[in-house]
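I opened this entry to keep track of what I looked up, starting with the overall fold and ending with single residues.

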Amino acid sequence: MAKRNNEHISIADALKEFVETNKLETGLDKVNVADAWANLMGNGVNNYTTSVKLERNTLYVQLSSSVLREELSYGKEKIMTMLNEELGKDLIKKLILR
């Protein structure tokens, strides 16, 4: 339930509260994760990325190159750490490359 008192709150806080109250955060996280993947991986990887999906704490990334998939699989932990840092929260616990 949203707080309905007369204290002054910043727009950022109001938005955050609105998002949390209305359960929009998971939708925003899904969009932010896709953006974070695109930003961190650069064009080389993005050209072979066909889909990025976040389900609960697992990130599913569809790649069109088996060679690239193999190569990225060695750095899964580092990729998850970088994505979580970019997102500013510990969102991704598991990375599945397909």
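For the count of elements I took helices as DSSP runs of H or I with at least four residues, and strands as runs of E with at least two. The model is a predicted one.

**Entry 1, fold.** I counted four helices and three strands in the protein. Read from the N terminus, I got the order α-α-β-β-α-α-β. I then looked up the radius of gyration, which is 17 Å, well over the 13 Å from the globule rule for 98 residues, so the protein is more spread out than a compact globule. Along the principal axes, I found that the C-alpha atoms fill a box of roughly 60 × 20 × 20 Å.

I looked up how much of the chain is buried: 27% of the 98 residues. For the accessible surface I noted about 7,000 Å², with 52% of it belonging to carbon and sulfur atoms. I also looked at contacts between residues at least 6 apart in sequence, and 51% of these join residues at least 24 apart.

Rolling a probe the size of a water molecule over the atoms shows where empty space is left. I noted about 160 Å³ of space in the largest pocket. Which residues line the largest pocket? I listed K16, V19, E20, E25, L28, D29, N32, E86, L87 and K89. Two or more lining residues come from each of α1 (11-21), α2 (25-46) and α4 (76-87). By type, I sorted the lining into six charged, three nonpolar and one polar residue.

I placed N22 in the loop between α1 and α2. Is N22 buried, partly exposed or exposed? I put N22 down as partly exposed because its relative accessibility is 38%, and the class runs between 20% and 50%. I also checked N22 against S10, twelve residues away along the chain, and their C-alpha atoms are separated by 18 Å.

I found R56 in the loop between β1 (49-55) and β2 (58-63). At 78% relative accessibility, R56 goes down as exposed, the cut-off being over 50%. I looked up the backbone too: phi of R56 is near 55 degrees, a positive value in a residue other than glycine. Most residues other than glycine have a negative phi.

Technical notes: Residues numbered from 1 in each chain as written. Predicted model: local features only at pLDDT ≥ 70, side-chain atom pairs only at ≥ 80, totals over all residues. Heavy atoms only, no water. 1 Å grid on protein atoms, 1.4 Å probe; cavity = no way out; pocket = protein on both sides within 12 Å on 5 of 7 lines; lining within 4 Å. Points joined across faces, edges and corners; volume = space filled by probe spheres on them. Nonpolar A, V, L, I, M, F, W, Y, C, P; charged D, E, K, R; others polar. Rg over C-alpha atoms; globule rule 2.2 N^0.38 Å. Buried < 20%, exposed > 50% of the residue type's maximum accessible area, 1.4 Å probe, protein only. Contact = heavy atoms within 4.5 Å. Areas by Shrake-Rupley, 256 points an atom, 1.4 Å probe, with all protein chains shown as cover.
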